[in-house]
Amino acid sequence: MTKPPRAWQRMLSGRRLDLLDPSPLDVELSDIAHGLARVARWNGQTSGNHAFSVAQHSLAVEDIFRRLNTASPDDCLMALLHDAPEYVIGDMISPFKSVVGGGYKTVEKRLEAAVHLRFGLPPHPSRELKDKIKKADTIAAYFEATCLAGFTPAEAQKFFGQPRGITREMLPMEPLPAVEAQRLFCERFEAIEALRSARP
């Protein structure tokens, strides 16, 4: 039985990441931040002079996650990195993910494990933690939908539910230039890493 061909992605850091068998040694924060800051949420169908990037979305999700939970620095880092695989495979809208099927999910899971292991985290979040991050993700999606993607509150509520405990005023929803989103993502990562390092 022949092996499938290697699917390499060359990163700006100089790393070459095998998308089908990614190694944690080839994962760099600079590549993640650069990629996520240039991947548009909602396929770019958002208002504003810039795309609302996955990096900005990740910052919003981690912020919501912290507000709703008593969370450890490790948990916060997993929330920040919850969409990290998209730095190489892009942000595919949910309806299309279901059409593509299991292959996409397999690659996504392998990339998630490589990213997490690179930064000293378990390969995947526990079911409980995953559910909490998903709740924060859904709340972020509601506000992105209503503030940026042209959804009415009624439409957004149908797809994402009614957010509780979080208001629009708590979240930065103004799309930023990619370099600014990249900088903020790196800064938040470093702040969480400082908290992780300070643990006894």
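These legends describe close-up views of a predicted model.

**View 1**
Among the buried residues are Val54, His57, Leu59, Glu62, Ile64 and Phe65. The buried residues of H2 pack against helices H1 (29–36), H3 (73–80), H4 (86–89), H7 (127–147) and H9 (178–197).

**View 1. Helix H3 and the cysteines.**
Of the eight residues of H3, seven are buried, so this helix is also largely enclosed by the rest of the structure. The buried set consists of Pro73, Asp74, Cys76, Leu77, Met78, Ala79 and Leu80. Cysteine 76 has a relative accessible area of 6%. A disulfide is a covalent bond between the sulfur atoms of two cysteines. With a cut-off of 2.5 Å between sulfur atoms, the count of disulfides in the model is zero. Cysteine 76 is in no disulfide, and the nearest cysteine sulfur, that of cysteine 186, is 17 Å away. Cysteine 147 is partly exposed, with a relative accessible area of 30%.

Valine 27 is in the loop between strand S2 (16–18) and H1, and counts as buried at 2% relative accessibility. Leaving out residues up to four places away in sequence, valine 27 touches Leu17, Ile32, Tyr87, Ala114, Val115, Arg118 and Phe119. The C-alpha atom of valine 27 is separated by 11 Å from that of alanine 113, which is 86 residues away along the chain. In soluble globular proteins, nonpolar side chains tend to be buried together. The largest nonpolar core here has 52 residues, and Ile32, Tyr87, Phe119 and Phe185 have the most contacts inside it. H1, H2, H3, H4, H6 (102–118), H7 and H9 each supply at least two residues of this core. H7 gives the most, with eight residues. With the same exclusion of residues up to four places away, the contacts of isoleucine 32 are Val27, Ala84, Tyr87, Val115, Phe119 and Phe185.

**View 2. Aspartate 31, a buried charge.**
Aspartate 31 lies in helix H1. This residue is buried yet has no salt bridge, the nearest side chain of opposite charge being arginine 15, 6.2 Å away. Beyond its neighbours within four places in sequence, aspartate 31 is in contact with Met11, Leu12, Ser13, Arg15 and Tyr87.

The whole structure has 15 salt bridges. An α-helix has 3.6 residues a turn, so residues three or four places apart point the same way. In H2, arginine 66 and aspartate 63 are three residues apart, and their closest N and O atoms are 3.9 Å apart. Arginine 66 is partly exposed at 35%, whereas aspartate 63 is buried at 13%. In H7, lysine 132 and glutamate 128 are four residues apart, about one helical turn; their salt bridge has its closest N and O atoms 3.5 Å apart. Lysine 132 counts as partly exposed at 33%, and glutamate 128 as exposed at 54%. Also in H7, three residues separate lysine 134 from aspartate 137. Salt bridges that share partners join Glu62, Asp63, Arg66, Arg67 and Arg188 into one network.

Conventions:
Residues are numbered from 1 along each chain as its sequence is written. This is a predicted model: local features need pLDDT of at least 70, side-chain atom pairs count only at pLDDT 80 or more; totals for chains, interfaces and linings use all residues. Side-chain values use heavy atoms; hydrogens and water are left out. Buried means under 20% relative accessible area, exposed over 50%, partly exposed in between (1.4 Å probe, protein chains only). Contact means heavy atoms within 4.5 Å. A nonpolar core is a set of buried Ala, Val, Leu, Ile, Met, Phe, Trp, Tyr and Cys residues joined through side-chain atoms within 4.5 Å. Lys and Arg count as positive and Asp and Glu as negative; His and the chain ends are not counted. A salt bridge is a side-chain nitrogen of Lys or Arg within 4 Å of a carboxyl oxygen of Asp or Glu.
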